[in-house]
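Dear colleague,

Please find the structure below, followed by a summary of what was found in it.

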Amino acid sequence: MQADNQQLAVIITGLISTTLSLRQWERHIVVSYLLQVQDISSHAIIVTINFTPTKDVHQLCMPAWIPGSYMVRDFARNIISISARDEQGPLATQQLDKQSWQLACRQLPVTVSYHIYAYDMSVRAAYVDDELAVLNPAALCLAVSDLTAVPQQITLFKPAAQQAASWRVATALTPINGTGFLAFGTYQAADYASLIDSPILAGLFTLQQFDIDGIPHYLVVSGNNLTDLTRFASDLQQICQQQRQVFGSLPADLDQYWFLLWVTEQGYGGLEHKFSTLLLCNRFDLPANATAEPDDNYQQLLALCSHEYFHTWWVKRLKPVEFQCYRLDAEQYSSQLWLYEGFTSYFDDLALVHSGLISPQRYLSSLEKTISRVSRSPSDSVQSLAASSFNAWTKFYKQDENAVNAVVSYYAKGALLALCLEADLQQQGSSLQQLCQYLYQQYAARGTDEQSLFSSLHALGFSDLADTARAWVEQSAPLPLAAAAKKLGLALSFRSERQPDDLSGTDDNPLPAPASLSANVKLQQGLLTVTQVRNDGAAQQAGLMVGDQLLALAGRKITEQSLPQLLQRLAEHSRQDLTIYRKDRLLTLQLPIMAAPPKVAMLQVTQPEQVSRWLRQPESSLPAVAVDPAFPATS
């Protein structure tokens, strides 16, 4: 019996030892990616994956989209060739669909190699030129099935080209194996989801650092620019402080944050990540030296940075329950994008005025433009915010010439819904900030569903507002903006537009506004060409179509300069000959000369104390009170 017990003890000890060995082995399982820019001029990247298989068959899959940008982008289309091998020789790879391959393994370490074309100038993909490489792992790194939960390592090699001799690396990924700060080398993510949430900017750049609550924030600006980066970093720090105040503190797990700014000749955009954001801007969006208040371009850039930083809480941690686990092979629907992008769009400009970077008048002018863009679009009464969110994949991100009549922006109208909520909450002694804090505290761990905002309003004692807000979200109707403005100490009125880009401010021109074409036109091949026709306007009533080329109105030649003059001088309520080319046919239509509808928003301060409390500005800084009763206050 004693011998049997000793033998059993040996077996148990062996099993425990084996189990410990397996656990140690599991801890050391990694998927390793090697990224090499093969040729800058041809924008070619070679990616090599090394891993030890855990099954006879693994699948390799590239995401079809990247979280935060709700459109299928089919990154795998840029893979030119792919192959795999182990120490015994080549392995069979079978393509299963547009983005997946099946790999037969022999239980030996595997190497997969593929070539990628990287020349997509966006914050969502991959791009290489002689100044930098913008590397989104979501567009570069195939996921290895059954190994997405293990650590993922990515080794970056400096390009051999002479232009890259001074390149450095900026990313929120963790450097390992002796890789220095901003150096080429090996970086690690906890898992595949973290890897693809960590963009990389390699190239020529400058670096500024500031701290928020002791947490380092890095501003990386690509290229060599004529700008005041010290001022930029200082302004950015103030914005980050304001966004932190909305939630009361930084996220508990935030240990660093990177603003990765890609500066180019022409471009604009941003995409949020958990510990960073990748941004794209024009070179002259950056602040000039020795400037006072930001100009329009710099204000837009600051608002973009503010928007993406707000997402650090509001999307990257608190998110729709549908996005608690991303499914990246196909569309993933949510009707809550108005809550996440709309609220973020409200708070992004607000942070600028709260921090004193722009004046209240500049802020109100920006708000006027948002109101005008939403109010002048027929879609405001056609599509609900919930429907706009749910159909973002096919409608909002793939807009056509009819979008103005059919697609509501869940960014812009969502921001105006936030404004309406703010007005009611402020009137009842609360604020939208307090509502956001409550939502973040209650739902960050589990995600919000379609009722979470309304349930939160009920829980906070605003039951009537909860029911009202539900109608605002679910119904296809204009928001009560004039009433909201009044509750905030403002008067909202509308006037007629003078030109298509006329979106804000009072009109000092003594002449009457020109008649409205209710269509957008663009100069193409020397002729004004119709690009959009708004429902129920003069252009639609005349029978104009997208693509029509405008030749003459009332017997007079149409040019960019003459069209607004003709629309101003022709008698209102008359019908005039409009001569056009439609494809290869010469046609004459009858254009009704109709007054431009009042769709340009104007905001005036009527209660300085209320506005001061909302914008956190001294009353002395508020624009002078000026209410003109001649303009209607409808919305």
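Strand E1 contributes the most to the lining of the largest cavity, with 3 residues. Strands (E, at least two residues) and helices (H or I, at least four) are DSSP runs, numbered from the N terminus. This is a predicted model, in which local features need pLDDT of at least 70, side-chain atom pairs count only at pLDDT 80 or more, and totals for chains, interfaces and linings use all residues. Residues are numbered from 1 along each chain as its sequence is written, and side-chain values use heavy atoms, with hydrogens and water left out.

On a 1 Å grid over the protein atoms alone, a cavity is a set of points where a 1.4 Å probe fits but cannot get out, and a pocket is an open set with protein on both sides within 12 Å along at least five of seven lines; lining residues have an atom within 4 Å of a point. Grid points are joined across faces, edges and corners, and a volume is the space filled by probe spheres set on the points.

The largest cavity holds about 80 Å³ of space. Its 13 lining residues include Val37, Ala133, Leu135, Phe157 and Phe184, which lie nearest its centre. E1 (31-39), E10 (132-135), E12 (152-157) and E16 (200-203) each supply at least two of the lining residues.
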